[in-house]
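What follows is a walk through one structure, taken a few residues at a time. Please keep the sequence and the model in view while reading.

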Amino acid sequence: MEKLLLATTLLCTLHLLSLVQAHPVDETLLRKLGFIDLTQYGRTIFGEPDNSTGEILAKYNPEVDAGNPEELGSYLEGDILMPLGQARNGLSATSARWAGGVVPYEIRGSFDAFQMNLIEKALNEYHTRTCIRFVPRSNQQDYISIVNGNTGCWSSVGRIGGRQEVNFQTPGCMVKVGTVVHELMHALGFLHEQNRSERDGYVYVNWNNIKAGTENNFEKASSQTTDAFGVGYDYGSVMHYSANAFSKNGQPTLVAKYSGPRMGQRDGFSGGDIAKINQMYSCQRTYNGYTYGGYSAHYPYGRYTYSYGSYPSAYNNIYYGRR
């Protein structure tokens, strides 16, 4: 009976996907149904793991080099990749949320004790601050496989069907827990913060400092196909690029228009990250001091209190006010 139900669900999903691709559909309805529309990226979101990215990352020294390891990739926006042939829906740039916020996973990579601890810390951050539950895979058909190929840091966006890899090249991608949190947020269905449609109101993009061939990494997402879930632009998001991302000359490519948290931090969730996850996955319960689906959450390790507000008037006074 369970196999029959799974097959029926799959057939219905594939049929709905074919209708979505053939006919214009209300984007709000698609999001309510749990679909994530990535069609604006076209075929740039597809590709194969790239060994040249791995060679670049192998030279990365976090103590000396500016930026984050996931910003070194040749993939879409540095770390977004749907490997050809891996997704069940082929070349359809459509993915989905994980039903009930439950994400089956396996760890197939060869990680040392420190790196395993980083993975466990990242999973615990989700379990403590959101209703997302990463559960060891038994026989689930859709699941993530955490691996460490020599191809950089990368993930697909959302649930693409079947086995989907989340890659953390070692040791480069396994320095800070926020890098693990970042890639897992992609797997849940989230895009980069600095590519939001309203980005230009909060950061300057120094196009003259961007490395040739990587300009498309700074293209804004369509407001018609993405949703910020009522959360304001967040410099402190774990999904935000660092100031020097894809720089050709060591000079900033992104400059904040207002003062606030450091862009590109990889210490863990911001309050806005927590709020967006809990809104996307309709978490409507209170756990460990957090109100899921509500309008406040604590910044990691209790250092800050996050509140919604609009720039610029509310930013300095409310957005990341000391408790």
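**From a helix to the disulfides**

Ala122 sits in helix 4, which spans residues 113–129. The model is a predicted one, and the positions discussed here are read from it. Ala122 has a relative accessible area of 0%, so it counts as buried, the limit being under 20%. Leaving aside residues up to four places away in sequence, Ala122 touches Val177, Val180, Val181 and Leu184.

The next stop is Glu183, which has a place in helix 5, residues 177–188. In an unreviewed UniProt entry, the annotation "active site" covers Glu183. Is this residue buried or exposed? Its relative accessible area is 0%, so Glu183 is buried. Not counting residues up to four places away in sequence, Glu183 touches Glu70, Asp79, Cys153, Trp154, Ser155, Val166 and Phe168. One of these, Cys153, returns below as part of a disulfide.

How many disulfides does the model have? The count comes to 2. One of them joins Cys153 to Cys173, with an S to S distance of 2.0 Å. This pair links distant parts of the chain, 20 residues apart: Cys153 belongs to strand 8 (residues 153–155), and Cys173 to the loop between strand 9 (163–168) and helix 5. The torsion about the S-S bond of Cys153 and Cys173 is -100°, and the link is left-handed. Cys153 is buried, at a relative accessible area of 2%. Cys173 is buried too, with a relative accessibility of 0%.

The other disulfide joins Cys131 to Cys283, and here the sulfur atoms are 1.8 Å apart. Its cysteines also come from distant parts of the chain, 152 residues apart: Cys131 is in the loop between helix 4 and strand 6 (133–136), and Cys283 in the loop between helix 6 and strand 12 (286–287). Because the torsion about the S-S bond of Cys131 and Cys283 is about -60°, this disulfide is left-handed. Cys131 is buried, with 12% relative accessible area, and Cys283 is buried at 1% relative accessibility. When the bonded cysteines of the protein chain are numbered in sequence order, the pairing reads 1-4, 2-3.

Another buried residue is found in a loop. Gln265 lies between strand 11 (254–256) and helix 6 (271–280). At 4% relative accessibility, Gln265 counts as buried.

Confidence is the last topic. The protein chain has an average pLDDT of 80, and 74% of the residues score at least 70. Over residues 286–323 the pLDDT is below 50, and this stretch has 112 contacts in the model beyond near neighbours in sequence. Over residues 19–27 pLDDT stays under 50, and the model has 7 contacts beyond four places in sequence for them.

Note on methods
Residues numbered from 1 in each chain as written. Predicted model: local features only at pLDDT ≥ 70, side-chain atom pairs only at ≥ 80, totals over all residues. Heavy atoms only, no water. Helix = DSSP H or I, 4+ residues; strand = E, 2+ residues; numbered from the N terminus. Buried < 20%, exposed > 50% of the residue type's maximum accessible area, 1.4 Å probe, protein only. Contact = heavy atoms within 4.5 Å. pLDDT = per-residue confidence, 0-100. UniProt positions renumbered as here; feature names shortened; annotations may be inferred. Disulfide = S-S within 2.5 Å.
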